[in-house]
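Open the model in your viewer and follow the stops below in order. Each one says what to select and what is there.

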Amino acid sequence: MDLVSVDIGGTHARFVIATIADDGTITLGEPETIHTEDHASFQTAWEDFRDRKGGSLPPRVSMAIAGPVGGDVIRFTNNPWIIRPALVKEKLGVEEYCIVNDFEAVAHAVARVDEDQFIHLTGPDKPLAPTGRLSVLGPGTGLGVAHLYREPDGTYRVSATEGGHIDFAPLDSIEDAILARLRKRHTRVSVERVVSGPAISDIYQTLAAMEGRPVTDEDDIAIWTRGQEGSDSLAAAAVDRFCLSLGSVAGDIALAQGGFGGVVIAGGLGFRIRDTLLKSGFAERFKAKGRFQELMASIPVKLITHPQPGLFGAAAAFAREHS
């Protein structure tokens, strides 16, 4: 069975033809990436992909969406598109569809991919627990969070969450300064304002202000590039500060969800900074939970390396819903 698997974020929409074999094995074709700002709606992006594939597509679609997916109207957290589920069949010309939160899809991927699709970040160097609760999160245009529960019989359950919108809790004076800067624009500062791709700009500007540097507003991608390359010490400090905050947030999510069977970092940005995470203070911040430090040190923390976990997971979600 073939279907179109779609992973829609704030900046990009990724499309692929996925095949689900009779034994449940999922294979993906070559993904196509479309910039959301280049299209007025998901329907016109769909038509663009259809044209790239010669004018026809399978009559099935599974969509992983960056935002809440319940209700009659789905609005994205970080892009202006709107999807009305009741009109999906009519607008896209499909017979069956599935809609899941983007990190719900990633959690499906975590549940399905092989152990060699993960690299170890911190905690015991052992596989993720075969049963019990796992937490899945990752930075991109926003911060996605999901919850995975593995049953003893080998089945699993996935829950979408909006954990990226919990309150940001500073742990030192630099994070106090970051929070103060963000509060000038936002009445309430969520962790997504600090632990997401665009957030590096505010971190960088805060550090510059602390040193009295006259730094102008810059594109976040340029800061990430210089920080990763090491060509700009201030940008490198901003990247390291980002990793510290990501460690803190990952630990908080694990505590809140009871993800003691393992924590998985995902998202395109998480994958791109994997080497930096290993050398940063991520691990120390993940464990720095006061009386629960020993518990946090017992949790294996991994990073998923599958190149398209959202697309793979969306196909897996479709297979579960329509099997």
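**Stop 1: serine 196**

Select serine 196, which is buried, with a relative accessible area of 4% (buried means under 20%, exposed over 50%, partly exposed in between, with a 1.4 Å probe and protein chains only). This is a predicted model: local features need pLDDT of at least 70, side-chain atom pairs count only at pLDDT 80 or more, and totals for chains, interfaces and linings use all residues. Residues are numbered from 1 along each chain as its sequence is written, and side-chain values use heavy atoms, with hydrogens and water left out.

Serine 196 sits in the loop between α4 and α5 (helices are DSSP runs of H or I, at least four residues, and strands runs of E, at least two, numbered from the N terminus). Its side chain reaches the backbone oxygen of glutamate 192 at 2.8 Å. Beyond four places in sequence, serine 196 is in contact (heavy atoms within 4.5 Å) with residues including Trp224 and Phe242.

**Stop 2: the largest core**

Now select Phe242, among the residues with the most contacts inside the largest nonpolar core, which has 41 residues. Such a core is a set of buried Ala, Val, Leu, Ile, Met, Phe, Trp, Tyr and Cys residues joined through side-chain atoms within 4.5 Å. Helix α7 supplies the largest share, eleven residues.

**Stop 3: aspartate 48**

Go to helix α1 (residues 42–52), where aspartate 48 is found. The C-alpha atoms of aspartate 48 and tryptophan 224 are separated by 30 Å. Leaving out residues up to four places away in sequence, aspartate 48 touches Ile34 and His39.

Conventions. Polar contact = N/O pair within 3.5 Å; in protein donor to acceptor, adjacent residues only side chain to side chain.
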